[in-house]
Amino acid sequence: MKAAVLFKYKEPLKVMDNIELDPPKEGEVRIKVEATGMCHSDVNVFVGATPVPPPVIAGHEIAGIVEEVGPGVTRVKPGDRIISAFVHPCGKCRNCVSGHENVCEVFSATRLKGLMMDGTSRLHFRDGTPLRFFLGGGFAEYAEVSENALTVAPPEIDLKKGAVLGCAGLTGYGAVDSLKLEPGESVAVIGAGGVGLSAIQLLKAAGAGRIIAVGTKKWKLEKAMEVGATDVVNSKETDAVKALKEMTNGGPDAIIEVAGVQDTIKMALDSVRLGGRVVLVGLPPATAEIPLRVATIVRNGIQVIGNYGGRPRVDMPRLLELVKNGKYDPTKLVTGTYHLEEINEAVESLERGEALRSIILPD
């Protein structure tokens, strides 16, 4: 099969056609990829900030058609149109069975190794050299994932744009769900990319009052207003902390931080109201450490919540229902479509801040 392979960090991807994918094993599913979204988490792999060992195939916002199922698979069948979540729960560990499958212990132990949950890979070159993948390996013609990551897509979902549901949509859903939002509460979203715009749509659907988008790109902030933000703050042009406190009479009730950099995390903690909540969603490099003013967090009673997306088997069907009811529109995130041979152009566009989500087509 054909796939875009990273051989060395910080070098362009190479599209190869000498790759083989072994048959799915117990609980696994082979997908004929229709489309895969390009996310900043993929770029983190390409530059080594998320150090999955190369050679590796990235791509975790996958939509496609079930081609083959392994032994014991019951959730999907060949021919099903599916969305794959970036989280692949084992379904059996303590976290999975207690309702927290987004932090599956087995998946957590293998995801940065680029291996299936049994500790092996299904990918290799024709000469037998093994390949690894990142959260699915969707920048290819085919991918194999756990059945627990998959949800059957209703016919009205355009798979070529609905692929973004697998990460941008599900991550935004998980972030909003973790807030336990009270009707009318004010919420700021720091970062107006794919996840940020998803969170804004879902906050509106959840009954948030004032929704403030914070970012540095004028066109992205305009997009945020289009999808449901009531106000915007350009942190490149103004003191965002001061602006947020003035706009909400002391700070937003909650803040969702999506950018994942030290300055914006500090901004979130400095801006939230006394007794407020900060949800950290953005992923910095795996080794990054962020200084915290612990005394301020303690004295102000600030809750800091880490959230790694939604639960595929529970929350993805709910997200699809919101799409069906017009409460969340994944197509609003898609700013470009590229063929696999053009994937490096998509990477460059994302790094330059010119894209929200680009869709990569395998043909």
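This is a short chat about a predicted model.

Q: Which strands make up the open sheet, and in what order?
A: The order is S14-S13-S12-S15-S16-S17, with parallel pairing.

Q: Which strands stand at the edges?
A: Strand S14 (231–234) and strand S17 (303–306). Each has a single partner strand, so one side of each lacks a neighbour in the sheet.

Q: What does the twist average from one strand to the next?
A: 20°.

Q: How many bridges link S12 and S13?
A: 4 bridges, in the parallel sense. S12 covers residues 187–190 and S13 covers residues 211–215. Val187 has Ile211 in S13 as its bridge partner.

Q: Which strands does helix H6 touch?
A: S12, S13 and strand S15 (254–257). H6 spans residues 194–206, and its direction makes about 165° with that of S12.

Q: And which strands does H8 lie across?
A: Helix H8 (residues 240–247) lies across S12, S13 and S14. H8 runs at about 160° to S14.

Q: Switching to cysteines. How many disulfides?
A: The count is 0. For Cys90, the nearest cysteine sulfur is that of Cys104, 3.6 Å away.

Q: Is Cys96 buried or exposed?
A: Buried, because its relative accessibility is 6%. Cys90 also counts as buried, at 17%.

Q: Where is Val56?
A: In strand S5 (residues 56–57). Val56 is buried, at 1% relative accessibility.

Q: What is Val56 in contact with, leaving aside neighbours within four places in sequence?
A: Its contacts include Ala4, Val45, Leu131 and Phe133.

Terms used
Residues numbered from 1 in each chain as written. Predicted model: local features only at pLDDT ≥ 70, side-chain atom pairs only at ≥ 80, totals over all residues. Heavy atoms only, no water. Helix = DSSP H or I, 4+ residues; strand = E, 2+ residues; numbered from the N terminus. Buried < 20%, exposed > 50% of the residue type's maximum accessible area, 1.4 Å probe, protein only. Contact = heavy atoms within 4.5 Å. Disulfide = S-S within 2.5 Å. Pairing = 2+ DSSP bridges. Axes fitted to C-alpha atoms, helices over the stretch in contact; angles between N-to-C directions.
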